[in-house]
Each structure stands twice: as C-alpha cells, then as structure tokens.
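Please follow the helices of this model in turn, with their packing, their lengths and the loops that join them. Terms are given their cut-offs where they come up.

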Amino acid sequence: MKENILVDKSIAFASRIIKLHQYLIKTKKETIISKQIVRSGTSIGANINEANYGQSKADFISKMHIALKETAETEYWLKLLTMSEYITEDMGASLLNDCLEIKRVLIASINTAKETK
C-alpha cells in the first residue's frame with residue numbers, strides 16, 4: 001500500500017519539478033541548477049517505480065535507497081534556489097514540504113522492508 005502512495009506522490013512531485021524547470025528556464029533564464037533539479041526530482045519516482053519491480057527484497061531496498069539519495073539531492077537544490085532567490089520562499093517551502101514528505105515515507109518503507117527481510 002505505501003508503495004502505491006509513494007508512486008502517486010512521487011509522480012505528482014516530479015510534475016511540479018518539471019513545471020519548476022520550465023519556470024526557471026522561461027522567467028529566470030537559469031539552466032544549470034534547473035537541469036540538476038529536474039534530473040534528481042524526476043529520478044525519485046523512477047527509482048521508486050523500479051523498486052516495485054525489484055528482483056528481490058535486497059534489490060527493492062537498494063532502489064529505494066537510490067530514491068532516498070535523489071530526494072536528498074533535490075532537497076539541496078530546492079534550498080539553494082530559495083536562498084539564491086530564484087524562487088520565492090513560499091514556492092520553495094511548498095516544494096520542500098512535498099520533498100520531505102516523500103523522504104519520510106521512503107525512510108519508513110525502507111525500514112519496514114529491512115525489518116521483514
């Protein structure tokens with residue numbers, strides 16, 4: 001059940017990150033960080049989805065850890081974009097909140113998978 005919630009949340013988040021990328025390119029003419037965040041922000045869901053089709057419990061956990069690392073990277077870029085005023089505090093806080101929510105669910109899913117190993 002958590003994996004389905006996680007897939008849904010990660011897809012919705014990836015969509016927001018793509019829109020952020022488009023916004024940064026169009027209005028701020030920013031390409032370096034926007035490319036980085038679109039890669040990490042969309043990779044979260046891709047790895048979660050791939051984990052659901054893992055060949056083993058260890059493969060599942062490994063893919064979920066990769067998604068967690070991508071979440072941490074996305075968190076970093078969001079904080080940097082906010083601090084450098086490429087995005088507003090409100091925009092940054094909203095995206096960061098979604099990112100941290102995915103991070104919490106990922107950690108819980110990884111811990112559960114490890115306990116039932």
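The axes of H2 and H3 cross at roughly 155° and come within 8 Å of each other. Helices here are DSSP runs of H or I with at least four residues, strands are E runs of at least two, and both are numbered from the N terminus. An axis is a line fitted to C-alpha atoms, for helices over the stretch in contact, and the angle, from 0 to 180 degrees, is taken between N-to-C directions. H2 and H3 are therefore roughly antiparallel to each other; angles over 145 degrees count as roughly antiparallel, under 35 as roughly parallel, 65 to 115 as roughly perpendicular and the rest as oblique. The crossing in which H2 passes H3 is left-handed, that is, the near helix is turned anticlockwise from the far one by less than a right angle, whereas clockwise would be right-handed. Residues in the contact of H2 with H3 comprise 13 nonpolar, seven polar and four charged. In this division Ala, Val, Leu, Ile, Met, Phe, Trp, Tyr, Cys and Pro are nonpolar, Asp, Glu, Lys and Arg are charged, and the others, Gly among them, are polar.

The model is predicted: local features need pLDDT of at least 70, side-chain atom pairs count only at pLDDT 80 or more, and totals for chains, interfaces and linings use all residues. Residues are numbered from 1 along each chain as its sequence is written, and side-chain values use heavy atoms, with hydrogens and water left out.

How do H3 and H4 pack? Helix H3 (residues 57–83) meets helix H4 (residues 89–115) at an angle of about 160°, and their axes are 9 Å apart. That angle makes H3 roughly antiparallel to H4. The crossing of H3 and H4 is left-handed. Their contact divides into 15 nonpolar, six polar and six charged residues.

The lengths can be checked against the expected span, which is 1.5 Å times one less than the number of residues. For the 27 residues of H3 this gives 39 Å, and the end C-alpha atoms of H3 are 39 Å apart, which agrees. H4 also has 27 residues, and from its first C-alpha to its last H4 reaches 38 Å, close to the 39 Å expected.

Within H3 lies Met83. Its C-alpha atom is separated by 38 Å from that of Ala58, 25 residues apart along the chain. With a relative accessible area of 70%, Met83 counts as exposed (over 50%; buried is under 20% and partly exposed in between, for a 1.4 Å probe and protein chains only). In H4, the buried residues include Gly92, Leu95, Cys99, Ile102 and Ala113.

The structure holds one aromatic pair. Tyr76 and Trp77 form this pair edge-to-face, 5.0 Å centre to centre and with 70° between the planes. Rings of Phe, Tyr and Trp (its six-membered ring) pair if their centres lie within 6.5 Å, and planes over 60 degrees apart are edge-to-face, under 30 stacked and the rest tilted. Tyr76 is partly exposed at 49%, while Trp77, at 13%, is buried.

Two loop residues remain. Lys29, in the loop between helix H1 (2–28) and helix H2 (32–51), has a positive phi near 55° and is exposed at 64%. Glu85, in the loop between H3 and H4, has a positive phi of about 65° although it is not a glycine, and is exposed at 67%.
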